[in-house]
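Subject: Structure handover

Hello,

Please find the structure below. My notes on it follow.

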Amino acid sequence: MSHSSHQIERNSLAFAIEKNVDVHTQKCYQCGKCSAGCPVATEMDMPPSYVMRLLQTENQAHDENILQSQSIWLCISCEMCLSRCPMEIDIPSMMDFLRQRSIKQKMVNPKAKNIVAFHKSFLNTIKYTGRLYELGLIIDYKRRSLNMLQDITLAPKMISRGKLHFIPEMIKGTPQISGIFKKTSKKEV
Amino acid sequence: MHNLILKAKELLENKIVSVIIGFETGSSGKVRPVFITDSNKADSLIFDERCIQNLAVYLTKKEVKQFGKMGIVATLPIMRSIMVLISEQQLSPENVVVLGISGDGEVLDFADITVMQHYIEKCELGNPAKEQDMLATLNRLNMQEKFEFWQKEFSKCIKCYACRQSCPMCYCTRCAVECNQPQWIPVQSNNLGNMEWHILRAMHLAGRCISCGECGRACPVGIPCHLLTMHLVDQAQSYFGVYAGISDKMSSVLSTYAPNDKESFII
Amino acid sequence: MARIGVFICHCGENISATVDCGRVAETIGKLKHVAYSTEYKYMCSDPGQTLIKDAIKEYKLTGIVVSACSPRMHEPTFRKAAAEAGLNPYLCEMANLREHCSWVHEKNDMTTEKAIDIVRILVEKVKINNALLPIKVPVTKTALVIGGGIAGIQSALDIANTGHKVILVERSPSIGGHMSQLSETFPTLDCSQCILTPRMVEVAQHPNITLYTYSEVESLDGFIGNFTVKIRKKARSIDEKDCTGCGLCTTKCPQKKIPNEFEEGMGFRPAIYTPFPQAVPNKPVIDREHCTYYIKGKCKVCEIVCPTKAIRFDQPDQILEIQIGAIVIATGFDIKRTDFFPEYGFGKYKDVIDGLQFERLASASGPTGGAILRPSDGVVPKNIVFVACAGSRDPAKGIAYCSKICCMYTAKHAMLYKHKVHEGKAHVFYMDIRSAGKNYDEFVRRAIEEDYVNYIRGRVSTIYECDGKLIVKGVDTLLGAQPLEIVADMVVLATAGVANSGAEELAQKLHVSYDSHKFFAEAHPKLKPVETNTAGIFLAGACQNPKDIPDSVSQASGAAVKVAALFSQNELTREPLVAFVNRCSPPLYSTCVGCFLCQSVCPYQAIEREEFKNRDGKTIKTVAKINEGLCQGCGTCVALCRSKSIDLHGYTNNQMYTEVMALLNVY
Amino acid sequence: MKIGIYPGCSLNGSARDYNESVFAIAKVFDIELVQIPDWNCCGATAAHNLNKELSLALPARILALAEQNGLDEVLVPCAACYSRLVVTQHELKVEPEIKNRIKKVIELDYRGTTKILNVIEWLDKYIIPGIEEKLVLPFKHKVACYYGCLLVRPNKVLNYDRSEDPQTMDEVMRKIGADPIYFPYKTECCGAGFSVSRTDIVSKLSGKIIEDAEHRGAEFMIVACPMCHSNLDMRRPDINQYFKTKFTLPILFVTQALGLAVGLSPKEVGLQRHFVPVNIDS
Amino acid sequence: MSEFEPKVVAFVCNWCTYAGADLTGTSRIKYASNVKIIRFPCTGRIDFMLLLKSFANGADGIIVSGCHPNDCHYTSGNFHAKRRWIMFKELMDFMGIDMNRITFSWVSAAEGARWAEVVNSTVTRVRELGPYVSYKQMVNTSIEEEVTHA
């Protein structure tokens, strides 16, 4: 807690992160341990500690760069960064927030569209059946991502091993699930 | 309300507490505090928007403590009072079970004080809206007008000390007004002494008041004395960034300091 | 009935030039209870003091006000005079007519009026003053130094050289501390043992120093000048008088596989041992935990081979009780060991070592004779990684603070490595290089510029083993935070410097405050860095926070001077102007309600809890109580106390109230 | 003995083998596993990536149903579901207000009293104590125990094993006669939910894990998470293609290895459903 | 002497401001004689009630002064005092009590000249403000009430 009366007005992404998920980016002193241990850091256009540094500048151009980055979508929520961060900065929660904000502000990086498409397809199948319907997921995902040929050989092998259902399992509480989706949808950041 | 009664019964039946401090409807239809020791009588417990008294005042009373472990129906101000009482060693956390009531009247399950603390931290801790407006109005007056306002109010004071009796934080065995060497506050009621009493009271609650407003409600002649302590609640927040009663370990504003405390009037 | 005497001093003309002293004396003389009022040219002169003394006796005065200069100047003088005349010194007050009146105002009526007011204020005050007895404290001129590292050694020698007795207590079998383990020291790279061992010998031979090694402080009672310490002298299992330190027993002991503490576990020692060849005293000790005789009941090889029959298997621990007057705490620090670091392998990789282990490797007296060989297979590492800030600045798992010494010793380690393994490659992962100190940054620059040590700014996420190599996964934050991997032969962690184990327990025994990291707390961060808040107890070295050798030695000498200053007097007089919490009869006991908010405002931990119990032994009330030995009389608790249950001798609520009233002519 | 089970979507579909082995073991040890009636998906990574409140509501419904049906203890074999359920339980415990809000969203009472067990905890508590007398075919193989992310992180919330170099699975494997190797990739990420959307990343990360285990002489890799299993097993062709090699290391669920050790047939534990052939000869 | 001469009470700590005022004297710097000093061990000891009692008994102005932050002889007494004064001042302002009549200051043992300035500026200011009429009226009516009650 700080002296509210002595604080300058802040309008940055870092401030939004502080307010919404209680992650304080100013705590970071750039040791880089998160980037050192991140399994996807080499794939990222900006490794996690670099994202932290950009946030610390509270500069609008930097904020936009972050929301348009691939990095926020490449984060796989493995939590390695958090478990090793000396300052216990909850980067995974922050990444969740950045993704939600990026969608809201329509700034999703074009290269990340597959990932967003997959998440949306995933939730979509749950919304209508209550459980994951893998075939439905794949069809919905292909429709969204337009990757028609991907994994075309995998499905038959899965079917032969009894790992893919043809008919979705509908749970009795499906209306309840739809209700949950509806009630939580307006809560998106 | 149903949940509240169930929870109270559960606590009494399992002998987790010996008494539940809560609210019931009195014979005149008015809400009044009730001390339930028998689970069969728990059905009389109520909770609605009329239940605003700060029951924490009873937690330090010998007559209530003698029952043993106490359960208390607690709205946010009561929870915060409990925090202050624990941090000032007037109440042991082992000796109290809190039946929390959320802002929208639901029963909150607190596994322990830490969870309650977590809940309190998330709540809006400032003064109630109505008082905020009154404070703003008063703050707009000039010095002379303020002085006259309070002079008029204090002229009503009959030194009954209801403000003191109703406040959970006024638990001293001997109040400073009862001190006669020197006699800080004159015994009889007069404008000067009344004002000195209210300043003394407000200063003693500085950084300890949790904005329940009980003192103002208790005053039989309607002096808005709660505005004095609530004004200091605002000040403690703006200068030191703290509210009272948000942790069982905190020290009050006036018993701690930060080397970088800011002010602008000391030359 | 009060009988007050007032003595107006002219101070030559210093006062009388502007203040009409005669009028003051006359006006004051008419006040109620003023039995005698007079003026004189120089009250502080011998005749002036005699005048006061005579008046006290003649008029049977119950209080006096000497109206002269500032009490900060002559209060002790006049209180002493009063005492000599049989009046309690605390019944003497001074009115400051010179600095606060005659010197700062023009000569006129108002100035004289003011002088009258000033005197009257003090007259009213002194009427209600209480006779107080000064707290007289004799000084036992023996110092206790706890800890025999470089700080303790320096303090002990400095105190002893002023001619006072010193008891030096060391927990381990030899003095020397961590410094004796070091190879070379920064920034000069001179050999640590070469500069330390002469000091150790000096301690052993100094006539004023009594050395108790293998001993610990058991308890401490008393206060400044008058402590009683109990020291547990653990059984060494040999007779130190008979033992010549020939070392035959240590070579013949059949139990040889005990990890050697001095070598940081990188070598072995027998069950009867001296920690290292230059140990002081050079007398062995039997480690009863590992000795075959104590475990199985037979062996006694040492007893058989000892030429002087000095072995004593049944020797008990001894408790010594010693009177001392001052204490220097010099218990030093410790470091986190490699097993503290989960991501660096929980200490299971033999070739991941800590800084002290590297010191032993680099030391000519160490297990490898000074060759840098990796512990797992004795091969010279060709690629070595140093990890700075291992556990430091890591509130999550380690410690929040900077350990201060690691930047420098890591640079030294990298340098020593490069000096010994010319073809080797040394990498240092660092956060910030903190090298403030004389010739320190130059030293670090030398490592980088002349020895080509590769400094990488970033932290290491994890270390793991693969094919006998260590894979170090780090990052270069100066290259856009790109991860990088180094395949190393050996890794040295510059682990966090932490408080010594047992520091907290010792602090509690000594009633000294300590911080959240269990380091001992100084009385003032700037102006009293050597004192603790407990009078008579001082700090030296890294027990306060991690420090390098020059800092430790400077502070040790500082602490020694503090002790010497204390010992320069035979008796300490402590002013009785301390706080007190009121007491009354049961069942109230005190008006204090025990909120203990006063505890947090007291800078001296002088507020204690007193419990009142009923017949069954059940606590019925807990109230505050002032420890007079610790209270310094600031009175912050008094003004804070809501129920006015605390008061301050000499500045009571009643006295201060009275002064205000007198000032405003109410009385 | 009756214990609740939350299979989650994977065990119901792509990880049927895991499901079969869990139930088969339970049968051997006379434990009745009762499915939480009408359970729904926990929301997985997708939910918390896109909508926090949803990511709490979906698991809360599952736990509420468990309470409603008197299931005090619930086994959650899928590490990902386990993580979501435990995190939700924790969040709702420390945030009574969110708890009340979520209760309204799911329209069910929720108290948060359910004890959630991951598969290792379940084995430790109910299977390992009686393993000695049932052990017929000690699993005498060098194994690499792979924990993945979600069983050990975030450690402060899960409060299970240690986050670096965990040991609980290694201990279970030792109890059935196996020899767990030193395996630094134990808790490195396999690529998780990117299986479909970024197969290249999964191939790279999973490939490294398999490479290290093979290099250290592991005969089997043991896992406790269907997502890890599908990345390491089902995605093997992609991995091999990415690494231009042919990794043959079979991936077993911990329950499959244990099932074999107590004498169940390969088919009973679902080995025929694997993509990478499993040969249990020696 | 028709001009109003205010009565000013100074509450000072022994170690800094009292010593500073001694230095003013040693330096022979002149200041208004309206002020009279009461010595406390530390600003931490100063009870806010004493300030009220000063006004109630006829003071027109008050000076409260001690060691600068970080210079407290007792380490932290002035820090505690500072917090107390912040609260006290805000309360007084809120109640319409004239805080222009109270000077809070830090004056060190080396600031002899500064002490004279603090005193002079306070006396000048209070002199301009005139007697504290409204407060004195309140006191007077209170005394009258007492008399009538008696």
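How many residues of chain E are in contact with chain C? The model is predicted: local features need pLDDT of at least 70, side-chain atom pairs count only at pLDDT 80 or more, and totals for chains, interfaces and linings use all residues. Residues are numbered from 1 along each chain as its sequence is written, while chains are lettered from A and ligands numbered from 1 in the order in which they are written.

The answer is 34 residues of chain E, which touch 34 residues of chain C (contact: C-beta atoms, placed from the backbone, within 7 Å). On the chain E side, H1 (17–26), S2 (35–40), H2 (48–56) and H3 (77–95) each supply at least two residues. Helices (H or I, at least four residues) and strands (E, at least two) are DSSP runs, numbered from the N terminus. The largest share, six residues, comes from H1(E).

Chain C has an open sheet of three strands in the order S11-S12-S17, with antiparallel pairing (strands pair if DSSP finds at least two bridges between them). Its edge strands, S11 (215–223) and S17 (318–324) of chain C, each pair on one side only. Strand S12(C), residues 226–233, is joined to S17(C) by seven bridges, and Lys230(C) has Glu321(C) in S17(C) as its bridge partner.

Elsewhere in chain C, S1 (residues 4–9) and S2 (residues 34–40) run parallel and are joined by six bridges. Phe7(C) has Thr38(C) in S2(C) as its bridge partner.

Regards

Notes. Two residues are in contact if their C-beta atoms, placed from the backbone, lie within 7 Å.
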